[in-house]
Amino acid sequence: MASKLLRAVVLGPPGSGKGTVCQRIAESFGLQHLSSGHFLRENIRAKSEVGVLAKQYLEQGLLVPDHVITSVMMMELEKKQSQHWLLDGFPRTLVQAEALDRICDLDLVINLNIPFETLKDRLSARWIHPASGRVYNMEFNPPDVHGIDDITGEPLIQREDDKPDAVAVRLRKYKEAAKPVIELYKSRGVLHSFSGTETNKIWPYVYTLVSSKVRPVHSKEAN
Ligand SMILES: Nc1nc2c(ncn2[C@@H]2O[C@H](COP(=O)(O)OP(=O)(O)O)[C@@H](O)[C@H]2O)c(=O)[nH]1
Ligand SMILES: Nc1ncnc2c1ncn2[C@@H]1O[C@H](COP(=O)(O)OP(=O)(O)O)[C@@H](O)[C@H]1O
């Protein structure tokens, strides 16, 4: 078992289950889950300079400029230098992948391949707790009480960019931006792709793959 710190990325279109899979990996292997979308939404809530700039892009389902998200992520990664980490939603373009290259060598890239129709259905049923980034789905993992976060009791919201018009733009944009990133990681031999319509069926394969790199926190596989 390698003792070096794990540097991993999860790629996939909106709704492919990146957040869900990252959450499970983080819990099972005790590593840091860093979501670019969550950092941006936190900045928007806090009305920070980055947040004010990013808001218009998120609302329209567009990618925020590379230099903006790259500087946000580099700052977060600097704080986590001594921990295993897993990136969710970054890099999304070749320029971002090149920026990441300058600070680390990736050990593992997990690519989630989920059919378009499945993505649309999942996103229309996604609800989030904005403060924590906890994600629910009215069919897959509903909250105990409709519209309420299980942990804090606070209200859940639907993301503006999960509305059908923004979803269509996001899915289209994802394909063109992600293609060269996927090709880059494939050519390096670090890309592992998983296809299917159910996270629970993909998860055991992802778990086995990550186990080959980091020791699980618990001895038994978490579901
Ligand atoms: N029906 C269904 N929903 C899922 C499945 N996996 C994840 N979800 C839900 O689909 C939505 C998108 O998943 P998420 O992890 O947020 O995807 P991301 O946009 O790639 O980070 C969320 O509401 C999840 O709870 C699944 O296998 N089936
Ligand atoms: N790496 C990134 N580059 C550019 N924009 C980003 C990046 N990560 C997140 N965003 C912005 O935040 C939005 C939400 O991202 P995210 O939470 O990862 O959602 P999803 O996984 O559903 O696409 C994106 O549509 C985009 O506007």
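Which helix supplies the largest share of the shell around ligand 2? I found helix α2 (residues 36–45), with four residues. Helices here are DSSP runs of H or I with at least four residues, strands are E runs of at least two, and both are numbered from the N terminus.

Before going on, I noted the ground rules. This is a predicted model, where local features need pLDDT of at least 70, side-chain atom pairs count only at pLDDT 80 or more, and totals for chains, interfaces and linings use all residues. Residues are numbered from 1 along each chain as written, chains are lettered from A and ligands numbered from 1 in written order, and side-chain values use heavy atoms, without hydrogens and water.

**Ligand 2**

I counted 19 residues around ligand 2; a residue is near if one of its heavy atoms lies within 4 Å. Lys18, Ser36, Leu62, Arg92 and Arg170 are the closest. By class the shell holds eight nonpolar, four polar and seven charged residues. Here Ala, Val, Leu, Ile, Met, Phe, Trp, Tyr, Cys and Pro are nonpolar, Asp, Glu, Lys and Arg charged, and the others, Gly among them, polar.

I then looked up polar contacts to the ligand (pairs of N or O atoms within 3.5 Å). The side chain of Lys18 puts an N or O atom 2.8 Å from a ligand 2 oxygen. For Arg126 I read 2.9 Å, and for Arg159 3.0 Å. Alone, ligand 2 exposes 550 Å², and the protein buries 96% of that. Areas come from the Shrake-Rupley method with a 1.4 Å probe.

**Ligand 1**

Next I took ligand 1, which 18 residues surround. Gly15, Lys18, Thr20, Arg126 and Thr199 are the closest. Both α1 (18–29) and β6 (134–137) give at least two residues to this shell. Its classes are five nonpolar, nine polar and four charged.

Arg126 turns up again: its side chain has an N or O atom 2.7 Å from an oxygen of ligand 1. Asn141 has a polar side-chain atom 3.0 Å from a ligand 1 oxygen, and Arg122 has one at 3.4 Å. Ligand 1 exposes 580 Å² alone, of which the protein buries 91%.

**Sheet**

Last, I traced an open sheet of five strands, in the order β2-β3-β1-β4-β7, with parallel pairing. Strands pair if DSSP finds at least two bridges between them. Strands β1 (residues 7–11) and β4 (residues 108–113) pair over four bridges. I checked Ala8, and its bridge partner in β4 is Leu108.

Notes:
Polar contact = N/O pair within 3.5 Å; in protein donor to acceptor, adjacent residues only side chain to side chain.
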